[in-house]
Amino acid sequence: MQVSLDINGASVALDLDARTTLLDALRNHAGLTGSKKGCDHGQCGACTVMVNGRRINSCLTLAVMHEDDEITTVEGLAEGNTLSPLQRAFISHDGFQCGYCTPGQLCSATAMLDEAAKGWPSNVTADLENATPLTDEEISERMSGNICRCSCYPGIVEAIREAADAPAQKTGAEA
Amino acid sequence: MTNELTLDKKADTRRLDEMAQGLLGTPMDRPEGVLKVTGKAIYADEERPSNLAYGYLVRATGPIGRIVSTNKDEIAKMPGVVAVIEEADLPRNSVQGATPTAAPTRGDRIDYIGQPLALVVADGFEEARHAAQAMTAVMEADTGLHFDPEAPGASIETPEAKQASQGDLDAAMASAAFTLDEEYHTSSMHSAAMEPHATIAEWKDGKLTMRGAYQMLKFNQKSVSDALDLDLSQIRLLSPFVGGGFGSKLGIAPEAIAAALASKAVGRPVSVAMHRRQVFETTTHRSATKQKVRLAADKDGKLIGVGHDNLVYNLPGEKFSEPTTQATPFTYAGENRVIGHHIARLHRPAAGSVRAPGEAVGATVFEMAMDEMAEKLDLDPIEFRVRNIPDLDPSKGIPFSENRMEAVLRDGAERFGWKHTKPKQRLEDGWWIGTGVAAAVRVNMMSETSARVRLTQDGAVVETDMTDIGTGTYAILTQVAGELLGLPANRVETRLGDSDFPKAFGSGGSVGASSSGTAVYLACMELRQNIAAALGVEETDLTLKDGRAISGNVAKPLTEIVPGEGWSATGTVKGGKAGSLVRQATWGSCFAEVAVNAVTGETRVRRMLGSFAAGRILNEKTAKSQCIGGMTWGLGMALHEELVHDPRDGHMVNRDLAEYHVPANLDVPQIEAHLLMEDRDDWANPVQAKGIGELGISGTGAAVINAIYNACGVRIRSLPGTLDKILAELP
């Protein structure tokens, strides 16, 4: 069936089998293989993309459900050739090795910083009434839906902490 | 030009320490990093040639036995289906590592549940998957099969070449002041690399191109050649980026041959990406082990006897068996020694190499036993280990190339703030807190490897079929070439993962960095000779830095020295007598602080720190990441990872990432890895570097288990140390 998707600000018209997941639409039909298939089951997080600013597992949703949604993939995180602060920090802190989970980690982290900035609690948040600082434990908990088998978790946490602490970030850690 | 070296003796110079570029060893960012963070690195299943068809493997659901018939004809009529590849020469399972032949084939049999029965090819992925899931077979079940290594009647092999004995261990055990005789178990484990195995196969003019997730192209190309009866010249493999391997991609997996067969049958490029559950079942996993450790020590804590016996398993017809005791013959002293190795033949999915085959489970269990023995002796476990560092390899009587065990134990202890304490001393807020230590040890190997370096006026290009599976190959080969040729990293381009390039051993066995690094070194030394000759000076008098050649009063940019067409040199290194004249190994220590919940028995690792020595470190950042990754695998082995096999039919019960638990972010503290940066091993190769990719898992999990004992007094002898095993014995 005909579907029009808004991916990274561009409108993309696709003719899809109704069973096509958003992930397979991106990888097999839209030419965007940055989003990765690690399990096709919502278990690993490698396929994480942002839909209307929220992070989701793109393998667990059908493409036809996203006709009017704004979809952001790893290919949409940089502005031209300028990497986002998270992308830069992942490189300098070696927040990846093989790189296969990295697109999902980056989309997840981008959305996660926004969630934290809005004051959304996590499973390890002790105080639901007052703003909680984004500790290493908070970052780790909020990123635990993204598996990294190379096990670069310490570098991932450092990279996110650095990006979160960077001033004048549009993710708005101070907002 | 070629420059060949067989490693028959100790290197007599450390030329890399004389270089001026200052690039090697630095924590340089990965040169391919930008591609990886922008989604532009192209992995196995990501090229999309026109007219691409999709294949989906059909899973045999059992029973095990002879295939009588299938509903292939019905499946072929389903919407979108182009072909059903149901052939006797479909591979049964992955090829074992460093094996230049094809895998056993399906024939008319299913040997384990989950084996590929067929491949369905369709225009669309969804159509292929749907049809594949509808395919069934009528089977004639075998009887008398075994699924559990310890079940009565299981067929157990005890190959003579894999047993060893010296002195009289029984007598030593009888006379020793202190002894330990315990049985340990480790679970089956899976590599579970993030990228599922995949291949896109395409035939053009009689030539087959396969873009896939492969670790060792030289061997993989030969396996394809053997499976499909093709000349090597007809096969091109491309693996520029591999989404993790950890042993599971050493040998090609069943999807590769299936894709090639399908592409030929349908005359179109075919993509076959295995589902995560198919990866678990059809690629090789680490066998569970049963290990018996015997230790005998005199009253001063000197070991006089060491016994290490183990039982592992594999499918009939598989040559590999987990070399559990690989490091036991040389790690600790003791004149009376026995090694035993037994293999059960089971109809479970095939076992094979997983990161640090042997030491990962063997050294880990041995380090658990060493902790128990230290307690019997009332010794600090570090002191006990140090007292038993042998002067010579106690089994072969040959010297060590270097032994850094004490150095890494002392370094780690100081950084961690190690204090030897009695168990059950700290109960804080409902958690028992404890610390543990373990040593890590992994054999070091070299294998024949070539690389080509082209030097032009623009810079240097390194080419080899070596892969980067996350290990940092792009970074380190860039650094070796840049250091020797006096070029900044941005003037060196490293191209990997193309079988048309000079052949490397590949990524496996911690062989890659040292072997490929040496091949690049040899090629660059040849190019340095060219530069020196052009300047009319001796190569040893040449300083190359930032694209300039300096010798005495002469300084010239390389652009004025290198001819327009450039120079090309190929370096080839071969393993030689240096591998048998001395014992070569890498050394590590690991320290952990854990909290065990006093009510539930749940263990959380609060701190983990390691210190490692592996000769020259080529990139401090990527080497540390390898160690941190390995230590996390140790943590996973200690606490989480357990493949469960159904004792009734051998099938893998928890064959996905929801049920097979690998460490997630919150399971892992901010692990620290420290490297002995000044270490050099002259016996290893002229780069003085050894492998580091597997050292981090080779014993470190024991630090967690030993810390659990220190915290709450519960000895775990069966991994993983899940809460059910702790709960019953909690104080």
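## Reading the model, feature by feature

Q: Where is B:Pro720 found?
A: B:Pro720 is in the loop between α16 (701-712) and α17 (723-727) of chain B. Helices here are DSSP runs of H or I with at least four residues, strands are runs of E with at least two, and both are numbered from the N terminus. The peptide bond from B:Leu719 to B:Pro720 is cis, with omega near 0 degrees.

Q: What am I looking at, and how is it numbered?
A: This is a predicted model, where local features need pLDDT of at least 70 and side-chain atom pairs count only at pLDDT 80 or more, while totals for chains, interfaces and linings use all residues. Residues are numbered from 1 along each chain as its sequence is written, chains are lettered from A and ligands numbered from 1 in the order in which they are written, and side-chain values use heavy atoms, with hydrogens and water left out.

Q: Which peptide bond is cis at B:Pro63?
A: The one from B:Gly62 to B:Pro63, again with omega near 0 degrees. B:Pro63 lies in the loop between β2 (53-59) and β3 (65-70) of chain B.

Q: How do I read a helix pair, say α2 and α5 of chain A?
A: Two packed helices are described by the angle between their axes and the distance between the axes. The axes are lines fitted to C-alpha atoms over the stretch in contact, and angles run from 0 to 180 degrees between N-to-C directions. For α2(A) (residues 85-92) and α5(A) (residues 153-165), the axes come within 8 Å and cross at roughly 140 degrees. α2(A) and α5(A) are therefore oblique, the class left over after roughly parallel (under 35 degrees), roughly antiparallel (over 145) and roughly perpendicular (65 to 115). The contact (heavy atoms within 4.5 Å) includes A:Leu86 and A:Phe90 of α2(A) and A:Ile156 and A:Ile160 of α5(A). Its residues divide into eight nonpolar, one polar and one charged. Nonpolar covers Ala, Val, Leu, Ile, Met, Phe, Trp, Tyr, Cys and Pro, charged covers Asp, Glu, Lys and Arg, and polar covers the others, Gly among them.

Q: And how do α5(B) and α6(B) cross?
A: The axes of α5(B) (residues 217-228) and α6(B) (residues 254-266) come within 11 Å and cross at roughly 50 degrees. B:Val224, B:Ala227 and B:Leu228 of α5(B) meet B:Ile257, B:Ala260 and B:Leu261 of α6(B). By class, that contact has six nonpolar, no polar and no charged residues.

Q: At what angle do α9(B) and α16(B) pack?
A: About 35 degrees, with the axes of α9(B) (residues 359-377) and α16(B) 8 Å apart. Their contact has four nonpolar, three polar and three charged residues.

Q: What about the aromatic rings?
A: A pair of aromatic rings is described by the distance of the centres and the angle of the planes. The whole structure has 14 aromatic pairs over all chains. One aromatic cluster is formed by A:Tyr100, B:Tyr43, B:Phe241 and B:Tyr474. Rings of Phe, Tyr and Trp (its six-membered ring) pair if their centres lie within 6.5 Å; planes under 30 degrees apart count as stacked, over 60 as edge-to-face and the rest as tilted.

Q: Which ring does the charged end of A:Arg149 sit over?
A: The ring of B:Trp633, 3.8 Å from its centre. "Over" needs NZ of Lys or CZ of Arg within 6 Å of the ring centre and within 35 degrees of the ring normal. In chain B, the charged end of B:Arg715 sits over the ring of B:Tyr709, 3.6 Å from its centre.
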